[in-house]
Amino acid sequence: MAFIRKRRLERELYSKERFSLLLLNLEEYYFEQHTANHITNKGCRDERKFRGSLKICSKSIIFEPDDNIQPIIKIPLRDCISIKAPEDNEANNPFTRDTSGGISVVCNQVFLIKERNIIAPYKTVRGTTEHFFQLDVAGKLGDVVQTLHQLYRASCLDKMGDQAAMITAILQSRLARTSFDKNRFQSISETLNMECKAEMVTPLVTNPGHVCVTDANLYFQPLNGYPKPVVQITLQNVRRIYKRRHGLMPLGLEVFCTENDLCSDIYLKFYNYQDRDELYFLIATYIENHVTEHTAESYMLQWQRGHISNYQYLLHLNNLADRSCNDLSQYPVFPWIIADYSSSVLDLTKPETFRDLSKPIGALNKERLDRLLTRYQEMPEPKFMYGSHYSSPGYVLFYLVRVAPEYMLCLQNGKFDHADRMFNSLAETWKNCLDGATDFKELIPEFYENDSGFLVNSLKLDLGKRQGGKMVEDVELPPWASGPDDFLQKSQEALESQYVSEHLHEWIDIIFGYKQKGREAVAAHNVFHPLTYEGGVDLNSIMDPNEKVALLTQILEFGQTPKQLFTSPHPRRIIPKLKSLSRTSSHSVSITESPVSPNEESFEDLTEESITLAWNNIAKLKLDEQYKIHKEAITGIAVTCNGSSVFTTSQDSTLKMFSKESKTIQRSVSFSNMALSSCLILPGDTTVISSSWDNHIYFYSIAFGRQQDILMGHDDAVSKICWHDGRLYSASWDSTVKVWHCVPGETLSNKKHRFELLAELEHDVSVNTIDLNAANTILASGTKEGTISVWDVTTATVLHQLPCHSGTVFDAAFSPDSRHLLSTGEDCCFKVIDVQTGMLISSVTADEPQRCFKWDGNTILSGSQSGELLIWDILGGKVTERIKGHTGAVTSMWMNEQCNSVITGGEDKQIMFWKLQY
């Protein structure tokens with residue numbers, strides 16, 4: 001996981017230096033360092049001198065000896081009795097200075113850290129002691145003592161808010177007196193675009209300095225030069241950039257040079273949102289031409305269709321919801337998946353193996369929940385069900401203490417937690433999450449990664465002795481795991497299992513979705529303290545600095561709820577029959593699939609394979625033949641089962657029958673002087689139905705070569721027709737879609753069709769297009785004002801209605817599995833809707849309107865306004881191929897069942913025959 005990898009990289013880079021920002025208190029700054037000697041027992045026979053580095057920090061003085069055997073000394077400024085540069089004639093003044101190069105610090109408490117370079121709880125030495133520091137550069141003594149006096153005065157203020165205000169003033173003064181060193185530019189030809197003050201954010205600590213962005217690079221120069229003089233990011237390498245909420249304020253910015261890693265290359269916190277937004281604009285403008293910006297909806301579509309794993313999807317959602325491995329109060333949150341920690345074998349086919357993903361941790365135990373609800377009902381406003389959160393800095397480090405012990409010591413004032421409260425056992429931890437009165441924590445990504453180091457005490461840390469005398473060592477694993485790596489392997493398999501794939505959307509609803517807030521949260525027993533939610537408190541409205549500091553500290557330690565990403569139910573995942581998911585950041589994990597017996601492997605499977613093959617090679621579509629057969633734009637194409645005859649309708653009011661064999665028009669029929677809008681062939685290839693702008697629908701007998709019947713069913717032009725199992729669906733500009741039951745003329749003595757109106761689906765405006773799903777139970781309609789409606793045709797009720805487009809909807813079609821609906825419109829946009837939830841999950845903008853299309857759920861073949869055929873990767877939101885076609889707009893498209901043959905019609909009055917050439 002990113003957190004662990006980053007820690008190891010830091011250790012490799014700065015292995016010679018024991019000091020780190022983690023030795024500081026929370027909200028403390030490291031200002032400067034000076035080479036010095038630490039002299040103990042000065043003037044006595046046993047006087048000793050230790051060479052090292054003196055660090056001046058906002059709340060403490062830290063001395064790091066060069067000799068690793070000696071401990072690092074940390075002196076809190078609030079515990080100082082005197083800080084002076086001694087002179088004989090000023091012996092009675094506790095705060096004086098001279099140019100002797102020595103500083104005497106008398107204090108009543110000191111912490112000894114990393115003695116013999118061993119990471120362990122800090123040793124506290126109480127009682128009055130004197131420490132003498134002799135600077136190498138004596139000329140700096142005056143400034144150092146003056147700085148220490150200022151910081152000492154700040155530390156002696158009673159109220160935290162006053163302390164923070166004074167330290168901030170000192171920091172801002174230092175930043176104002178310095179600027180970015182332009183000599184650090186990679187090239188003298190770089191152009192400066194912006195410079196401002198900011199802080200680099202790492203877990204638990206921030207480091208102030210100067211940010212500079214040029215036309216080629218982003219730079220950060222720490223005020224203290226730690227851990228290196230300049231951090232440089234090449235803009236050409238940037239792949240993602242996100243605005244962040246840091247400390248409840250919209251001041252953060254995180255930059256990634258990778259596509260999938262959760263760990264960023266730099267996280268910056270600015271002092272005002274204007275600087276943050278300006279820098280975001282500069283970088284985003286630079287990268288927008290070669291980087292696609294992903295939304296939660298675009299990742300959702302990839303996840304639903306199996307292009308990314310459950311693990312990857314959760315990483316992306318965390319990232320979009322302001323969760324970052326650089327901010328422990330907003331660390332990525334992952335679910336407990338497995339509920340069985342006692343069996344010898346983990347059975348992923350049994351539902352009882354898994355945790356109920358539809359409930360938050362606090363609601364899994366009914367007895368505990370009943371107690372919590374009783375308290376909730378008796379509680380005054382603001383009410384909340386849980387007194388602790390599911391994600392907080394303490395919980396993150398509870399899991400990671402074995403690989404990040406210094407973070408735990410930083411968070412807990414130099415101490416590890418009590419041995420019995422440590423992460424000792426998976427079974428114990430899960431049981432406590434189920435039964436504990438205040439324990440509702442979820443998991444972190446590390447449980448589904450490949451690095452098992454956080455489960456093993458490889459650093460040989462002394463984490464204490466438990467009741468019963470047992471030392472805290474490695475985490476105790478469940479019986480079904482043969483070791484730490486096997487535990488992670490099985491956890492990954494569980495996360496990618498069929499059960500989890502079928503239910504993960506329920507957990508997403510709770511953590512990132514519509515059950516996070518409001519009535520739905522109350523109904524789902526998912527209510528936390530109001531201050532944990534985004535927007536729960538406006539820090540700018542709090543004038544009292546002490547109240548503000550106290551509130552901020554409380555919230556950051558308690559944990560924060562992720563940013564809400566979805567406000568309607570999250571769609572389910574599509575579970576494929578035979579699909580393997582690969583994780584870019586991990587090894588491949590297969591979905592648990594229902595077995596298919598040999599008898600079921602039929603012609604249908606072969607057809608599916610050939611369709612998949614065709615769509616994988618759709619870019620190899622080649623023009624075979626083209627014919628100009630109409631006098632106006634072509635509006636509809638229908639082909640007989642054997643493919644020998646092609647019927648077309650046109651705005652020239654004619655229905656034409658074209659023979660592929662003889663390459664000639666065999667019939668041309670005109671029903672009225674009004675344009676025809678679409679056509680279809682009934683099963684059996686005996687009848688063609690055409691819709692017309694004259695409000696009528698015409699039935700034409702192929703066998704007898706004449707008009708067979710007329711359905712006068714609408715009060716305005718009929719725009720589109722569909723047929724299934726004796727039912728005709730007609731869309732009209734009269735704002736209706738009508739469903740008719742038709743009894744074919746051949747079965748009746750009078751040879752006429754009989755029509756019975758079954759349903760009328762009313763719209764507010766003209767309907768331009770319709771489509772039926774594969775099961776013929778759901779109908780989609782698109783209007784001239786851009787609204788998409790999804791109807792249950794069995795009950796004639798509207799399921800969803802969305803204002804998807806601005807302007808006319810040109811075409812709409814369900815995916816082959818009926819899970820998604822794609823539409824295209826006058827506004828040049830493709831929109832994807834999840835049929836189950838009605839959620840708009842993807843929007844892709846084209847350069848020009850796309851008039852018609854075919855798609856397989858992942859790839860789109862569209863006909864454009866200019867006449868080109870375009871191939872789109874809808875998941876990536878980009879055009880992958882352009883094929884030259886008509887000289888005017890492509891107005892109609894037909895594709896055969898095998899998806900290897902296409903016919904298009906255009907405004908240029910031509911039909912074009914296309915074939916796949918593998």
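Axes are lines fitted to C-alpha atoms, for helices over the stretch in contact, and angles run from 0 to 180 degrees between N-to-C directions. The legends below refer to a predicted model.

**Figure 1. Packing of helices H5 and H6 in the predicted model.** Helix H5 spans residues 296–304, and its axis comes within 10 Å of that of H6. The two axes cross at roughly 175 degrees. Angles over 145 degrees count as roughly antiparallel, and H5 and H6 are therefore roughly antiparallel to each other. On the H5 side, the contact is made by Ala296, Tyr299, Met300 and Trp303. H6 contributes Asn310, Tyr313, His316, Leu317 and Leu320. By class, the contact of H5 with H6 holds seven nonpolar and two polar residues, and no charged ones.

**Figure 2. Packing of helices H2 and H3.** The axis of helix H2 (residues 141–155) comes within 8 Å of the axis of H3, at a crossing angle of roughly 155 degrees. H2 and H3 are therefore roughly antiparallel to each other. From H2, the residues Thr147, Gln150, Leu151, Arg153, Ala154 and Ser155 take part in the contact. Their counterparts in H3 are Gln163, Met166, Ile167, Ile170 and Arg174. Sorted by class, the contact of H2 with H3 comprises five nonpolar, four polar and two charged residues.

**Figure 3. The salt bridge between Asp322 and Arg244.** The closest N and O atoms of Asp322 and Arg244 are 3.5 Å apart. This pair links distant parts of the chain, 78 residues apart. Asp322 is located in the loop between helix H6 (310–320) and helix H7 (366–378), whereas Arg244 belongs to strand E12 (residues 240–246). Asp322 has a relative accessible area of 2%, and Arg244 likewise has a relative accessible area of 2%. Buried means under 20% relative accessible area, so Asp322 is classed as buried and so is Arg244. Both residues belong to a network of salt bridges that links Arg244, Arg245, Glu254, Asp322 and Lys563. A search of the whole structure finds 26 salt bridges.

**Figure 4. The salt bridge between Glu195 and Lys182.** In this pair the closest N and O atoms are 2.9 Å apart. Glu195 is in strand E8 (residues 192–202), and Lys182 is in the loop between helix H3 (160–176) and E8. The two residues are 13 residues apart, and the pair links distant parts of the chain. Glu195 is partly exposed, at a relative accessible area of 29%. Lys182 also counts as partly exposed, at 34% relative accessibility.

**Figure 5. The salt bridge between Arg882 and Asp847.** The side chains of Arg882 and Asp847 meet at an N to O distance of 3.2 Å. Arg882 counts as partly exposed, at 41% relative accessibility, whereas Asp847 counts as exposed, at 68%.

**Figure 6. The open sheet E18-E19-E20-E21.** Four strands form this open sheet, and their pairing is antiparallel. Strand E18 (634–639) and strand E21 (664–670) stand at the edges, each with a single partner strand, so one side of each is left without a neighbour in the sheet. Neighbouring strands of this sheet are turned against each other by 20 degrees on average, direction ignored. E18 and strand E19 (residues 645–650) run antiparallel and are joined by five bridges. Ile637 stands opposite Thr648, a residue in E19.

**Figure 7. The open sheet E26-E27-E28-E29.** This open sheet is formed by four strands with antiparallel pairing. The edges are taken by strand E26 (718–724) and strand E29 (754–762); each has a single partner strand, so one side of each is left without a neighbour in the sheet. On average, neighbouring strands of this sheet are turned by 20 degrees against each other, direction ignored. Eight bridges pair strand E28 (residues 736–743) with E29 in the antiparallel sense. Lys738 stands opposite Glu760 in E29.

Definitions and conventions: Residues are numbered from 1 along each chain as its sequence is written. This is a predicted model: local features need pLDDT of at least 70, side-chain atom pairs count only at pLDDT 80 or more; totals for chains, interfaces and linings use all residues. Side-chain values use heavy atoms; hydrogens and water are left out. A salt bridge is a side-chain nitrogen of Lys or Arg within 4 Å of a carboxyl oxygen of Asp or Glu. Buried means under 20% relative accessible area, exposed over 50%, partly exposed in between (1.4 Å probe, protein chains only). Two strands pair if DSSP finds at least two bridges between them. Angles under 35 degrees count as roughly parallel, over 145 as roughly antiparallel, 65 to 115 as roughly perpendicular and the rest as oblique. Contact means heavy atoms within 4.5 Å. Ala, Val, Leu, Ile, Met, Phe, Trp, Tyr, Cys and Pro count as nonpolar, Asp, Glu, Lys and Arg as charged, and the others, Gly among them, as polar.
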